[in-house]
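Biologist: Please take one part of this model and go through it closely. Start with the metal site, then turn to the charged pairs.

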Amino acid sequence: MNIILLGPPGAGKGTQASRLEADRGMVQLSTGDMLRAAVKAGTPTGIKAKAVMEAGELVSDEIVSGIIGERLDMSDTAQGAIFDGYPRTAAQAASLDSLLEERGRKLDYVIELDVDEEALVERIVGRYTCAACGAGYHDTFLRPATAGVCDVCGSGDFRRRPDDNEVTVRTRMAEYRAKTAPILPIYERRGLVRRVDGMADIGRVTAAIAAVLDGQ
Ligand code: AP5
Ligand code: MG
Ligand code: ZN
């Protein structure tokens with residue numbers, strides 16, 4: 001199964017994608033994570049993307065569709081992919097169709113995480129991740145069992161994203177509204193969209209997505 005998780009910054013795309021990966025053996029394809037890895041490694045893509053990401057604007061369609069295409073050529077993605085943060089424009093949506101078709105695959109669902117934008121700012125400014133294993137946490141909503149120690153790997157080294165501040169978040173929201181939300185009707189016409197309440201508890205959102213994937 002191949003699915004898209006669609007929703008504004010902080011909607012819970014990454015949180016839900018990593019749960020689906022753990023529960024169902026699907027592979028999370030987060031263009032945001034891939035770009036952050038490229039920035040960290042200082043690759044030519046990373047050098048181009050860094051300032052754009054820090055401003056909260058969108059990286060070019062060519063770059064992101066290029067990295068998704070490379071990733072789809074790796075055999076693990078044949079088990080099923082969760083597109084997290086891609087596509088984000090009409091051009092990217094068209095590229096994804098071609099990339100899947102060329103590989104004999106198809107899109108099964110577009111899960112729209114329905115959220116209240118104002119609450120998202122709180123989610124984003126409180127977010128942090130384990131620097132060692134990537135596990136995600138939140139100051140209020142998802143704290144490690146022992147303060148300062150990662151539940152998954154025991155590390156005490158945590159990071160916050162440079163674009164997770166209130167000013168940049170507003171730009172990211174505006175980009176979502178202007179360029180990403182307009183792609184929903186493309187998928188609605190194809191009958192692929194399933195709307196899930198993204199304001200519910202994390203576990204309830206996971207259960208609602210599972211119900212969609214299991215055809216319930
Ligand atoms: P990207 O990394 O994709 O960021 P984003 O879309 O802004 O989304 P986030 O990762 O901020 O939110 P999320 O939905 O994953 O939420 P999360 O699960 O972490 O992109 C970053 C940048 O890269 C872009 O601005 C752009 O520059 C570039 N880029 C990436 N892809 C691109 C593309 N395709 N085209 C062009 N440019 C691209 O949850 C947030 C927090 O809330 C967490 O702390 C979590 O614990 C908590 N939380 C989650 N769910 C719940 C819940 N149900 N209740 C309470 N708390 C919750
Ligand atoms: Mg994310
Ligand atoms: Zn960890």
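Modeller: Donors here are N, O and S atoms within 2.8 Å of the metal (3.2 Å for Na, K and Ca); water is not among the atoms, so sites may look incomplete. The model is predicted: local features need pLDDT of at least 70, side-chain atom pairs count only at pLDDT 80 or more, and totals for chains, interfaces and linings use all residues. Residues are numbered from 1 along each chain as its sequence is written, chains are lettered from A and ligands numbered from 1 in the order written, and side-chain values use heavy atoms, with hydrogens and water left out.

Now the site. The SG atoms of Cys-130, Cys-133, Cys-150 and Cys-153 coordinate the zinc ion (ligand 3) at 2.3 to 2.4 Å. Along the sequence, the spacing of these donor residues is C-x2-C-x16-C-x2-C. Cys-130 sits in strand S5 (residues 127-130), and Cys-150 in the loop between strand S6 (136-138) and strand S7 (158-159), so this pair ties together parts that are 20 residues apart in sequence. Strands (E, at least two residues) and helices (H or I, at least four) are DSSP runs, numbered from the N terminus.

The geometry is tetrahedral, with angles of 101 to 115° among the 4 donor atoms.

Next, accessibility. Buried means under 20% relative accessible area, exposed over 50%, and partly exposed in between (1.4 Å probe, protein chains only). Cys-130 is buried at 2%. Cys-150 is buried too, at 3%. Cys-153 is partly exposed, because its value is 38%.

The disulfide count is 0, a disulfide being a pair of cysteine sulfur atoms within 2.5 Å.

Then the charges. Side chains of opposite charge can pair when their charged atoms come close. A salt bridge is a side-chain nitrogen of Lys or Arg within 4 Å of a carboxyl oxygen of Asp or Glu. The count is 20. One of them joins Arg-172 to Asp-163, with 3.7 Å between the closest N and O atoms. Both residues are buried. Shared partners link Arg-127, Arg-161, Asp-163, Asp-164 and Arg-172 into one salt-bridge network.

Another pair is Asp-33 with Arg-36, at 2.7 Å, N to O. Both lie in helix H2 (residues 31-41), 3 residues apart, about one turn of the helix. Asp-33 is partly exposed at 39%, and Arg-36 is partly exposed at 25%.

Terms used. Four donors count as tetrahedral if all angles lie between 85 and 135 degrees; four count as square planar and six as octahedral if opposite donors are over 155 degrees apart and all others between 65 and 115; anything else is irregular.
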